[in-house]
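Take a moment to look over the chain before reading on. We will walk through it piece by piece.

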Amino acid sequence: KQSIDPAELSALLPTCDLVWTSFDCGQYLGHAAGLTIPEGCVHVTTSSYGTTGPYAGWRGGSMADWAAGGYLFITGDPDREPLSGPEHLCAFAAGYTAAIGAEAALIDRIRSGTGRRVDVSTMEAMLLPHQSTFSRTASGEPRQRTGGYTEVYPLTVQPCRDGHVSIGV
């Protein structure tokens, strides 16, 4: 692990087009803590709950992301405890959402000459795959736990000769 001198890092920032940081428990993580990002940079931050708002100080993580995104309520056997989906799927959704935001902000920076702040929370990014949840609720048929699949893709566990296999399409 290399140690980065905070003064050297701060000196590099004015030359950057894009700065990407992580946030959890009400603070920036790693070397981002205490840095001042120049106004001309596009600054993208990813976190479970965002950098502002009532949940910004809460601790995130995979299970928290599944719960805050609403998927624990609808995933798993209806007669048992909820199940989370693949461990990093929520972070993946937040990552591609942040990448799209970063790209749009960089295009705007080229046009306007000014940087932008992009704050992506996993909780909000996980709303994107909920379109069927919203449409069902609007039609009076709220989603329930089905037991057969998570709400992000069909998933089943089947017995096989030497144990079980999980099949996700």
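**A walk through the chain**

Ile100 sits in helix α3, which spans residues 89–112. Helices here are DSSP runs of H or I with at least four residues, strands are runs of E with at least two, and both are numbered from the N terminus. The model is predicted, so local features need pLDDT of at least 70 and side-chain atom pairs count only at pLDDT 80 or more, while totals for chains, interfaces and linings use all residues. Residues are numbered from 1 along each chain as its sequence is written, and side-chain values use heavy atoms, with hydrogens and water left out.

Start with the whole chain. It has five helices and six strands. From the N terminus, their order is α-β-β-β-α-α-β-α-α-β-β. Of the 169 residues, 29% count as buried. Buried means under 20% relative accessible area, exposed means over 50%, and partly exposed lies in between (1.4 Å probe, protein chains only).

Now find the sheet. Four strands form an open sheet in the order β2-β1-β3-β4, with mixed pairing. Its edge strands are β2 (27–28) and β4 (117–121), and each pairs on one side only. Two strands pair if DSSP finds at least two bridges between them. Strands of a sheet pair through backbone hydrogen bonds, either parallel or antiparallel. Both kinds occur here. β1 (residues 18–24) and β2 are antiparallel, over two bridges. β1 and β3 are parallel, over five bridges.

Asp24 has Gln27 of β2 as its bridge partner. Phe23 has Tyr28 of β2 as its partner. Most residues other than glycine have a negative phi. Cys25 is partly exposed, at a relative accessible area of 37%.

Next, return to helix α3. It lies across β1, β3 (42–47) and β4, and runs at about 170° to β3. Contact means heavy atoms within 4.5 Å. The axes behind that angle are lines fitted to C-alpha atoms, for helices over the stretch in contact, and angles run from 0 to 180 degrees between N-to-C directions.

Side chains of opposite charge can pair when their charged atoms come close. A salt bridge is a side-chain nitrogen of Lys or Arg within 4 Å of a carboxyl oxygen of Asp or Glu. The structure holds three salt bridges. One joins Asp17 and Arg109, at 2.7 Å from N to O. Asp17 is in the loop between α1 (6–12) and β1, while Arg109 is in helix α3, 92 residues away. Both are partly exposed: Asp17 at 43%, and Arg109 at 23%. Another salt bridge joins Asp108 and Arg116, with the closest N and O atoms 3.1 Å apart.

Finish on the surface. Where does Ile100 stand, buried or exposed? It is exposed, at 54% relative accessible area. Together with Phe92, Tyr96 and Leu128, Ile100 makes a nonpolar surface patch of about 440 Å². Patches are made of residues with over 30% relative accessible area and no salt bridge; like charges are joined within 9 Å, and nonpolar side chains (Val, Leu, Ile, Met, Phe, Trp, Tyr) within 5 Å. Accessible areas come from the Shrake-Rupley method with a 1.4 Å probe; for residues, only the protein chains shown count as cover.
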